[in-house]
Amino acid sequence: METLKLDIAKAGVALTADIEAKAQAANALLHSGKGAGNDFLGWISLPSSISEADIAAIEKEAAKLRAKADVVICIGIGGSYLGAKAVLEAMVDPFKLLHKEQKFPTVLFAGQNISEDYTAELLDAVKEHSIAAIVISKSGTTTEPAIAFRLIKAEIEKRYGKQEAAGRIVAITDKTRGALKTLATQEGYPTFVIPDDVGGRFSVLTPVGLLPLAVAGVDIAALVHGAQEMEKATAEGVPFNENPAAVYAAVRNLLYNGGKKIEILGSYEPKLQYVNEWWKQLYGESEGKQGKGIFPASVTLTADLHSMGQYIQDGERTLFETIISVAKPAAEVVIEADAENLDGLNFLAGKRISEVNRMAELGVQLAHIDGGVPNIRIEIPEISARTIGGLLYFFEKACGISGYILGVNPFDQPGVEAYKKNMFALLDKPGYEEASKAIKARL
Ligand SMILES: O=P(O)(O)OC[C@H]1O[C@](O)(CO)[C@@H](O)[C@@H]1O
């Protein structure tokens, strides 16, 4: 079964020999390992390099955490958060917590902000629950997760003692560097490694994504299998027209060059909302540099038609839209006839909700095209671990190709350091004395 279909018929651009050549060259450059940022290309063959033993090791650790805790707090930010969150939201029943029986622990997230209220409410909410933690940081030095981990580690140690804490905390970090690695070694935490050559935003298929997902009961073998299929479907040597990642990258670059500076990723399935967030980091950090890059935005539909719909239809014409369309819902809910028909909805009687959703999708697509918003459609057959694995890898591969077509290094993120320097200076971090004086004078 095919996992993904790309439809560019309504993208409003014609593929040229030139853009095809550029996309194919960009894909070849990725595979050659000779392009910019070539220290960070480990994600390209990551799916096919994951062995059954790797999956088994992750499942084994997940089973240990599951046996100990009914809430597992996953601590991380950016690429050390969004991949797990995206797949979790896609795969886990959003109303899970209302069910009396809980087959798998609830995975909660921390360290993705520095909100005192969020932290306090989280710590309060888990008071009555047994807890464990997965702390994730590639650099091992990121401030937000480090603060959250300090607090959650203290809570675990207070409740269970230091020795038991080492059985309830798993660290995922660099193999040798960073404060988290040092701490994990000293405390004797089980540790998984984020490979050196896989950047944070490309790390969802490493233990960064796989361990929290396995804890939550997601079929990680199927997720990886879907990614492996997509790795083959987008490999070097696949003809351009058969490689959805190359075609998507080509089309979005044509649109960008034609003045479409903003791409809105959207879906009619709210479960995919965090795929949008994951995608925004992937494309934003990879392409937004040197004064260039498509701005990645997102909507969840049809909800946002009632907030952003006006702008998309009628505002600045610098937008294009990419819609992740799900062919088949997992459930079946039929709208029933009503004898009184006071709401006037009997014209929908007998129809499934998904039929209405589909007509909304088709209607919006045509309306937006009429309004000057080109539309790219990515169809997945259903929401499953396998199709989501394929979708994530598709976006990663397209991102690498697209970044090279744009002429940037898609694998660095120098721009994210600016705020960190200011924050440390404002917080009087040792080593920032001069910067502290300078920045405080500007306040
Ligand atoms: O995994 P780490 O090193 O804590 O980094 C988290 C995130 O922070 C960033 O480095 C940006 O500051 C992202 O690229 C990364 O995904």
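A residue counts as buried when its relative accessible area is under 20%, as exposed when that value is over 50%, and as partly exposed in between, using a 1.4 Å probe and protein chains only. Keep that in mind as we walk through this predicted model, where local features need pLDDT of at least 70, side-chain atom pairs count only at pLDDT 80 or more, and totals for chains, interfaces and linings use all residues. Residues are numbered from 1 along each chain as its sequence is written, and side-chain values use heavy atoms, with hydrogens and water left out.

**The whole chain**

The protein chain holds 16 helices and 10 strands; these are DSSP runs numbered from the N terminus, with helices (H or I) of at least four residues and strands (E) of at least two. Its radius of gyration is 23 Å, close to the 22 Å that the globule rule gives for 443 residues, so the chain is as compact as a globular protein of that length. (The radius is taken over C-alpha atoms, and the rule is 2.2 Å times the number of residues to the power 0.38.) Along its principal axes, the C-alpha trace spans about 60 × 60 × 50 Å. Of the 443 residues, 47% count as buried.

Contact means heavy atoms within 4.5 Å. Among contacts between residues at least 6 apart in sequence, 78% join residues at least 24 apart.

Ser 325 lies in strand β9 and is buried, with a relative accessible area of 0%. Its side chain makes a polar contact of 2.7 Å with the side chain of Glu 361. Such a contact is a pair of N or O atoms within 3.5 Å; within protein, one must be able to donate a hydrogen and the other to accept it, and residues adjacent in sequence count only if both atoms are side-chain atoms. Leaving aside residues up to four places away in sequence, Ser 325 also touches others, including Arg 358, Arg 377 and Ile 378.

Thr 3 sits in the segment before β1 (5–7) and is buried at 7% relative accessible area. Ser 402, in helix α14 (residues 385–406), is buried at 0%. Ser 402 and Tyr 248 are 154 residues apart in sequence, yet 8.4 Å apart in space, C-alpha to C-alpha.

**Spaces in the structure**

On a 1 Å grid over the protein atoms alone, a cavity is a set of points where a 1.4 Å probe fits but cannot get out, a pocket is an open set with protein on both sides within 12 Å along at least five of seven lines, and lining residues have an atom within 4 Å of a point. Grid points are joined across faces, edges and corners, and a volume is the space filled by probe spheres set on the points. For the classes below, Ala, Val, Leu, Ile, Met, Phe, Trp, Tyr, Cys and Pro count as nonpolar, Asp, Glu, Lys and Arg as charged, and the others, Gly among them, as polar.

| Space | Volume | Lining by class |
|---|---|---|
| Largest cavity | About 40 Å³ | three nonpolar, two polar and three charged residues |
| Largest pocket | About 1,200 Å³ | 13 nonpolar, 15 polar and 15 charged residues |

The whole structure has one cavity of 30 Å³ or more. Glu 361, the polar partner of Ser 325, is among the residues lining the largest cavity. Helix α13 gives the largest share of that lining, three residues. In the largest pocket, the largest share, six residues, comes from α15.
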